Amino acid sequence: MTGSRDAAGLQDEARRRWSARLALAAAAVAMVLLLVVGGLKSIALLVAGLAALALAIAGLWWALTHRGARRLLALGLAAGAVVAVFTGYALVNLLWVVLTTLGLWAVAVSAGRVALASGHKGPTEYPAGPVARPFLIMNPRSGGGKVGRFGLAEKARALGAEVVLLDPDHHQDVAALARQAVADGADLLGVAGGDGTQALVAGVAAEHGLPFLVISAGTRNHFAMDLGLDRTDPSTCLDAFTDGVELRIDLGLIGDRVFVNNASFGTYAAVVQSPAYRDDKVRTVLEMLPDLLTHQRGPRLTLRAAGTVVEAPQAVLVSNNPYAPGDAGGLGRRPRMDTGALGVLGVKVDTAAEAVGLLMGGAQSAGLTAVAAREVTVDADAAEIPVGVDGEALTLPTPVVCRIRPGALRVRVPRHRPGVPQARPPMDWRRLRRIAFPPHGTTG
């Protein structure tokens with residue numbers, strides 16, 4: 001066993017070393033191509049490309065913050081800037097140089113991140129004891145009917161679980177169903193449904209110290225993805241009954257309500273609560289954004305977290321554990337869910353220049369606040385504010401306080417599962433050189 005682990009380690013080291021060499025080689029070829037073929041024009045190419053990108057971002061910002069003819073003019077400016085710079089490249093016969101250089105840089109960055117990845121280390125796995133009376137709640141409508149399509153109810157019952165199918169035509173209190181099941185002797189709770197339903201039942205499971213089973217039958221299944229579960233075949237989640245382990249993960253709290261993914265405040269939360277949003281999403285967004293982004297409509301928020309105060313952000317995202325670098329948009333990729341901290345993202349952009357800085361500067365932009373905290377407070381100049389909690393639209397009184405409950409939930413998962421997507425490490429060219437050409441007797 002030790003020998004096989006050593007061999008695997010050597011193979012991984014070799015893979016990382018050659019990936020680092022490929023990254024360095026692709027970057028070097030890109031620079032040589034640009035300098036040799038482009039000559040002095042290469043500097044003009046770079047400046048023109050960056051200027052066009054900045055102008056396009058500014059145009060998009062103006063389009064989002066205006067209506068009517070001004071919006072059309074701004075969109076025309078954004079598109080025109082991109083078309084103009086590529087037309088200019090073509091006229092001087094350097095378009096192929098630019099496109100090839102961009103392709104080489106894409107290869108360099110991709111290979112570099114493979115080399116820099118240190119491997120994902122998930123939560124500690126604990127033995128899963130036997131259960132006698134598992135209780136599962138399933139939503140037949142979730143994920144376009146995955147419960148029926150994969151025969152989840154029948155398969156769960158064959159494994160000894162009691163299954164309750166929610167009535168699509170009548171609202172049912174899933175937390176109350178779970179509490180009644182616990183009172184009747186259930187020793188495991190589980191859900192096949194969306195993340196909002198998962199959170200409600202997870203709160204009951206944590207309250208009673210019971211294991212919780214996640215079945216990836218929702219539409220996006222962010223929670224299931226971060227647990228490493230198979231989102232293409234939710235029936236594999238039932239393997240946790242026959243060959244399962246337990247993870248101890250954190251839960252987020254917004255007031256007294258549990259959330260497993262995130263709580264969003266500001267622009268997005270306000271838009272999704274509009275009565276017109278369900279009927280015409282695009283038109284509603286375009287109609288509401290100008291006033292929301294320029295603070296002419298909606299509450300003015302104040303974010304407080306980890307000693308940081310952000311006045312009047314347009315958007316705030318509080319997540320149950322921080323998102324990975326590069327996945328700050330709420331895509332559901334959290335490398336760990338047992339760090340004992342909330343992830344906090346605040347976006348404040350008031351001008352086109354700040355929008356350019358945010359999109360071109362990334363995490364270093366002054367318009368983006370990213371911190372980790374045990375407690376977060378979102379206040380406002382209104383008595384209550386719209387909040388999106390795990391995809392559910394709510395209205396909550398201010399101030400809204402979010403907290404973390406470390407290790408509060410016992411999640412039962414299959415021993416063998418696809419795993420969490422590898423977090424994208426930031427590019428570090430010096431470290432890449434050390435990995436590609438390590439000093440004698442050392443590794444990267």
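Q: Which residue of S13 is the bridge partner of Val347?

A: Two strands pair if DSSP finds at least two bridges between them. Here Leu368 in S13 is the bridge partner of Val347, and S12 and S13 (residues 368–373) run antiparallel to each other, with six bridges. Strands (E, at least two residues) and helices (H or I, at least four) are DSSP runs, numbered from the N terminus. Before we go on, please note that this is a predicted model, in which local features need pLDDT of at least 70 and side-chain atom pairs count only at pLDDT 80 or more, while totals for chains, interfaces and linings use all residues. Residues are numbered from 1 along each chain as its sequence is written, and side-chain values use heavy atoms, with hydrogens and water left out.

Q: Over how many bridges do S11 and S12 pair?

A: In a regular strand the side chains alternate between the two faces of the sheet. In this structure, S11 (residues 315–319) and S12 pair over five bridges, in the antiparallel sense.

Q: How many of the residues of S12 are buried?

A: Burial is read from relative accessible area: buried is under 20%, exposed is over 50%, and partly exposed is in between, using a 1.4 Å probe and protein chains only. S12, residues 342–347, is mostly covered, with five of its six residues buried. For the chain as a whole, 45% of the 444 residues count as buried, and its secondary structure comes to 14 helices and 17 strands.

Q: Which residues have the most contacts inside the largest nonpolar core?

A: A nonpolar core is a set of buried Ala, Val, Leu, Ile, Met, Phe, Trp, Tyr and Cys residues joined through side-chain atoms within 4.5 Å. The largest one has 53 residues, and Leu136, Met138, Leu189, Phe212 and Leu409 have the most contacts inside it. Helix H8 (residues 195–208) gives the most to this core, six residues. Another core, apart from this one, has 24 residues, including Leu301, Val318, Val387 and Cys402.

Q: Which residues is Leu189 in contact with, leaving aside its neighbours within four places in sequence?

A: Contact means heavy atoms within 4.5 Å. With those neighbours set aside, the partners of Leu189 include Phe135, Val182, Val201, Leu210 and Phe212. Across the chain, 73% of the contacts between residues at least 6 apart in sequence join residues at least 24 apart.

Q: Which residues lie nearest the centre of the second largest pocket?

A: Rolling a probe the size of a water molecule over the atoms shows where empty space is left. On a 1 Å grid over the protein atoms alone, a pocket is an open set of points where a 1.4 Å probe fits, with protein on both sides within 12 Å along at least five of seven lines; lining residues have an atom within 4 Å of a point. Of the 20 residues lining the second largest pocket, Leu45, Leu46, Tyr89, Val98 and Leu102 lie nearest its centre. The elements that give two or more residues to its lining are H1 (2–38), H2 (41–65), H3 (68–91) and H4 (95–116). H2 supplies the largest share, eight residues.

Q: How many charged residues does the lining of the second largest pocket have?

A: Asp, Glu, Lys and Arg count as charged; Ala, Val, Leu, Ile, Met, Phe, Trp, Tyr, Cys and Pro as nonpolar; and the others, Gly among them, as polar. The lining of the second largest pocket has no charged residues, 17 nonpolar and three polar ones.

Q: What is the phi of Asn93?

A: Most residues other than glycine have a negative phi, and most peptide bonds are trans. Asn93 has a positive phi, near 60 degrees, and sits in the loop between H3 and H4. Asn221 is not a glycine either, and its phi is about 55 degrees. Asn221 belongs to the loop between S5 (211–215) and H9 (222–226).

Q: Is Asn221 buried or exposed?

A: Asn221 is buried, because its relative accessible area is 5%. Asn93 is exposed, because its value is 56%.

Q: Which peptide bond is cis?

A: The bond from Thr398 to Pro399 is cis, with omega near -5 degrees. Look for Pro399 in the loop between S16 (392–397) and S17 (400–414).
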